Amino acid sequence: MKDSFQPPLKSWVEEGNASCLMCSYNQVNGVSACTCRDLIDEDKEDWGFHGSVFPISSSLACKVFV
């Protein structure tokens, strides 16, 4: 995932000066991507992303990370 999907997304976030990201329902190692603090923190630290991460609107089990 890190080698195939993240490079294009990272460039869109950086070049587009994104202010927020939307996480998905997908699970990574049995944990929802929306609630996996490690994934969210990696995006924020490695990419220099300072915005908010929001769940898909109908996902009630997810949190918003700022």
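Modeller: At 6% relative accessibility, Val 13 counts as buried, where buried means under 20% relative accessible area, exposed over 50%, and partly exposed in between, with a 1.4 Å probe and protein chains only. This is a predicted model, in which local features need pLDDT of at least 70, side-chain atom pairs count only at pLDDT 80 or more, and totals for chains, interfaces and linings use all residues. Residues are numbered from 1 along each chain as its sequence is written, and side-chain values use heavy atoms, with hydrogens and water left out.

Biologist: Where does Val 13 lie, and with which residues is Val 13 in contact, leaving aside neighbours within four places in sequence?

Modeller: Contact means heavy atoms within 4.5 Å. Helices (H or I, at least four residues) and strands (E, at least two) are DSSP runs, numbered from the N terminus. Val 13 lies in helix H1. Beyond its neighbours within four places, Val 13 is in contact with Ala 18, Leu 21, Trp 47 and Phe 49. Val 13 and Phe 49 are 36 residues apart in sequence, yet 7.7 Å apart in space, C-alpha to C-alpha.

Biologist: Which elements does the protein have, and in what order do they run?

Modeller: The protein has two helices and four strands, running α-β-β-β-α-β from the N terminus. Of its 66 residues, 32% count as buried.

Biologist: Which residues of H2 are buried, and which are exposed on the other side?

Modeller: In helix H2 (residues 37-47), the buried residues are Leu 39, Ile 40, Asp 43, Lys 44 and Trp 47. Seen down the axis of H2, they fall within an arc of 130°, so they line one face of the helix; the arc is that of the directions from the helix axis to the C-beta atoms. On the other side of H2, Asp 38 and Glu 45 are exposed. The buried residues pack against helix H1 (6-15), strand S1 (20-22), strand S2 (27-28) and strand S4 (52-54).
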